[in-house]
Each structure stands twice: as structure tokens, then as C-alpha cells.
Amino acid sequence: MILFLGLLLFGLMLCGFIFSKTTKEMPKSWFEWKTEFRYQYLGIIGLVHDAKYASRDRVALYKQPDRIAVITGGNRGIGLRIVEKLLACDMTVIMGVRDPSSAETAVGKIVDLSQTKGKLICKQLDVGDMKSVRAFAQSITEKYAKIDLLLNNAGIMFAPFKQTADGFESHFAINYLGHFLLTHLLLPQLRAAGKPGKNARIVNVSSCVNLIGRINYKDINGLKNYYPGTAYSQSKLAQILGTRHLQSLLDAEKAHVQVNVVHPGIVDTDLFEHSATTSIPIFKKFFFKTPERGSRTVVFAAIDPSIEGQGGTYLSNGGRGPFHPDAKKPAKCEQLFQFSCDLLKIKQYGNGEYAL
Ligand SMILES: NC(=O)c1ccc[n+]([C@@H]2O[C@H](COP(=O)([O-])OP(=O)(O)OC[C@H]3O[C@@H](n4cnc5c(N)ncnc54)[C@H](OP(=O)(O)O)[C@@H]3O)[C@@H](O)[C@H]2O)c1
């Protein structure tokens, strides 16, 4: 009997492992096994956290018709539900998406655009392509002197190795570096919008997997030992280090701009397309957050008055969450920030100037 129960437990654990791997293949080296175990551990902790703090995970929407929000992605997943909430606040929402016309159709399916006082503008953006980021930012800065909110939401996860046109690994480029550049280019407009008691806000959508991230300065593109899970956690840690240093710069210049970083929860979206979890859609439906729930803390970080003036914080399920120890060390945050400026040849971060 004990043997039977033991075998049953082992079988269940094995199935759990196989169907929740970050890739559809089996790990091939100790490094890959270790990465998988760390992901599984964080996944369980993340699901428990989402369940435990479900009642705290909410956001009160209120009308703010004179405000302008810029979001990357937003045509599906968590971003679509963020856009829905921003439009419910009557904001003007500028979406940076790869396919503007299908994005407008996607929003139109869940929001009656003739009823909202908000306005939807969809513009072309591939956030992993620095030329496209510059063109997107330019199309905004030409028209708008002020931007109230910037939501850096677009992302990819566990994708096979690919280098972008600029020669950066795709997770690093899309999840982190493109948003780093976009923020730099829109900062003059964000500074102009912020006023005492009403900061302009930047929200970086990161992930709890920042906790197992490591910035590999010697091989930032992971050319020597590429593993998708490692590339994803590196990019998500980078977002947090970047957020923390940017807030210290904004504080030093007394700008009325705050930048926060968010883990939206473990959410049932297409983000998991490369992982083994696609074999167990029912499990995801049952245990993961819906995209609507996943959007709540992101919108909370963007508009909630209770966190006014509390930039540089990492939010999860409507409150503060644990993040990587390196992000508590200003020197580590500054190191990545300077490294990113060097990669993009940005001389003075936040002045909105960029030559390719
Ligand atoms: N889902 C989760 O459990 C979870 C957990 C932690 C953090 N997050 C973070 O939450 C954010 C949103 O993820 P999601 O779950 O909503 O994923 P999703 O459903 O896969 O949506 C990803 C979004 O990013 C856009 N995107 C991807 N690459 C892009 C590019 N090169 N240029 C412009 N847009 C691009 C996609 O647009 P296309 O349609 O054009 O591809 C889509 O709008 C991501 O930053 C992710 O890392 C999610």
C-alpha cells in the first residue's frame, strides 16, 4: 500500500513537472534542469500568492477624461484588459502594436467605442526594433506635448533563440531594451504632464521570475548557453533594476514622474505558447488568473491615488511583493542602466534624443 501511494505520488509529481516545463522539450543539461526546478518552485509560490491575495487584487476606476495613456501591446492578453479599463476611465489611449487595424478590431469586440468618452488610437510599433520604437515615439511627441501614463506591457516568453535587427536577443530587446528606449524618448512629455500631487506614471510589466534572473553582462544575448527560461528571467530582472535606477534619477531632478514595476500574477494568456502548459489548458483555466484579473494591479499602479509619490516599488496583487536582492542595491541598478545607455548610445537619459 505504501509502495503504491509512493508510486502514485511520484507519478503525479512527474506529470506535474512534465506538463509545466518552460519548454515542450526535456531539459538536456544540469543547468537546464536547475532552471526548470526553479521555475516550478516560483510557479507554485506565485499561484499560492495569487490565491492568498485575491481579495486585495482590485482597482477602483474613476473618470479622467483629460489624461493620455500610451501602452505597448494591448491587442490581446493582459494588455487588452488594461486598455478596456483605461477607456472606462475615459482616457485617450494610444496603443503601440504590430498590427494597428486588427488591434482596433480586438478592442472594439470588448469595448463599445461609440459609448466611451475615451479615445482609441492604434499606431504601428515593433518594440524589439529600435527604429520602430523611435518612429512610434516621434509620431506621439509630434502631436502631444504631454503624456500622463506610459504602460510598458508588451512581452514574449520562452521563445526560441532569435536576434533582432539591431543584434539583440529577442527577450532582452522586446521585454526590456525597447521599453527602456521608449521611456527615454517619452520622458520629456511625461515630465510635462506631471504636477505636484499628480505624478505622471510609468508602469513596467515585469514578472515574479525576476527573482531567479541574472544579468549576464559577459554574454547578454546568451550566445554561449541559450535557454529560453534564462533569457526571460534576465529580461524581467532588467526591468526591475532599470525601474529602480530611473526612479532615483527622477527623484534627484524632483520630476513629478513616478515609475513602478508590476507582477500581474500568473495569467492564462498566449504568453505560455512555447511552454509545456499548452497540453493542460484546463489546469490553466482553473488555477491561473484571467486576463481581466491580471490587468488589475497594472492599472492600480497606473492610476491608484494610494500610491501617489511611491515610485520605485514592485507591486503584486495590489500590494508590495518580494523582488530580487540586486534590485535593492543602487550600484547594481546603475550598472545595468549605464550598460543599457551604452548599448543604445544614449548620452543623457530622458532628454528624448536618439540617433540611430
Ligand atoms: N501571463 C502571465 O502569466 C504573465 C506573468 C508575469 C508577467 N507577464 C507579463 O505581462 C505582459 C503581457 O503578457 P500577456 O500575458 O498579456 O501576453 P500575451 O497575451 O502573449 O500578449 C503579449 C502582447 O505583447 C505584444 N508583443 C509581443 N512582441 C511584441 C513586439 N515585438 N512589438 C510589439 N508588441 C509585441 C503582443 O502583440 P502581438 O499580438 O503583435 O504579438 C501582445 O499584445 C508581458 O510583459 C509579460 O511578460 C505575464
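**Exercise 1. Which residues does Leu177 touch, not counting residues up to four places away in sequence?**

Solution. Start with the source of the coordinates. This is a predicted model, in which local features need pLDDT of at least 70, side-chain atom pairs count only at pLDDT 80 or more, and totals for chains, interfaces and linings use all residues. Residues are numbered from 1 along each chain as its sequence is written.

Step 1. Apply the test. Leu177 touches Phe168, Phe172, Ser340 and Leu343.

Step 2. Leu177 is found in helix H6; helices (H or I, at least four residues) and strands (E, at least two) are DSSP runs, numbered from the N terminus.

Step 3. Classify the residue. A residue is buried if 20 or more other C-beta atoms lie within 10 Å of its own, exposed if 12 or fewer, and partly exposed in between, with C-beta atoms placed from the backbone. Leu177 has 26 other C-beta atoms within 10 Å, so it is buried.

Step 4. Look at a separation. Leu177 and Glu273 are 96 residues apart in sequence, and their C-alpha atoms are 22 Å apart in space.

**Exercise 2. Describe helix H10 and state how its buried residues are arranged.**

Solution. 

Step 1. Check the length. H10 covers residues 330-344, which is 15 residues. The expected span of a helix is 1.5 Å times one less than its number of residues. From first C-alpha to last, H10 reaches 21 Å, close to the 21 Å expected.

Step 2. List the buried residues: Cys333, Leu336, Phe337 and Ser340.

Step 3. Look down the axis. The buried residues of H10 fall within an arc of 100°, so they line one face of the helix; the arc is that of the directions from the helix axis to the C-beta atoms.

Step 4. Recall the general rule. An α-helix has 3.6 residues a turn, so residues three or four places apart point the same way.

Step 5. Turn to the other side of H10, where Ala331 and Asp342 are exposed.

Step 6. Find the cover. H6 and helix H7 (228-252) are among the elements that cover the buried residues of H10.

Step 7. Look past the end. Lys345 follows H10 and has a positive phi, near 55°.

**Exercise 3. What is the order of the strands in the open sheet, and how do its strands pair?**

Solution. 

Step 1. Read the order. The open sheet has eight strands in the order S3-S2-S1-S4-S5-S6-S7-S8, with mixed pairing. Strand S3 (119-124) and strand S8 (319-320) are the edge strands, each pairing on one side only.

Step 2. Take S2 (residues 92-97). Strand S1 (residues 68-72) pairs with S2 in the parallel sense over five bridges, and Ile71 stands opposite Met95 in S2. In S2, six of the six residues are buried. Thr92, Ile94 and Gly96 point one way, while Val93, Met95 and Val97 point the other way.

Step 3. Take S5 (residues 200-205). Strand S4 (residues 149-152) runs parallel to S5, and four bridges join them; Leu150 stands opposite Ile202 in S5. S5 also pairs with S6 (residues 257-263) in the parallel sense, over six bridges. Here Arg201 has Gln258 in S6 as its bridge partner.

Step 4. Check the cover of S5. Six of its six residues are buried, so S5 is largely enclosed by the rest of the structure.

**Exercise 4. Compare Asp90 and Lys254: in which loop does each lie, and how exposed is each?**

Solution. 

Step 1. Asp90 lies in the loop between H3 and S2. Asp90 is not a glycine, yet its phi is positive, about 65°. Asp90 has 17 C-beta neighbours inside 10 Å, so it counts as partly exposed.

Step 2. Lys254 lies in the loop between H7 and S6. Lys254 is not a glycine either, and has a positive phi of about 55°. Lys254 has 7 other C-beta atoms within 10 Å, so it is exposed.

**Exercise 5. Which residues come nearest to the ligand?**

Solution. 

Step 1. Of the 30 residues around the ligand, Gly73, Gly77, Gly155, Thr269 and Leu271 come nearest.

Step 2. Helix H3 (77-88) and helix H6 (170-193) are the elements that give two or more residues to this shell. H3 gives the most, with three residues.

Conventions: A residue is near a molecule or strand if its C-beta atom, placed from the backbone, lies within 6 Å of it. Two residues are in contact if their C-beta atoms, placed from the backbone, lie within 7 Å. Two strands pair if DSSP finds at least two bridges between them.
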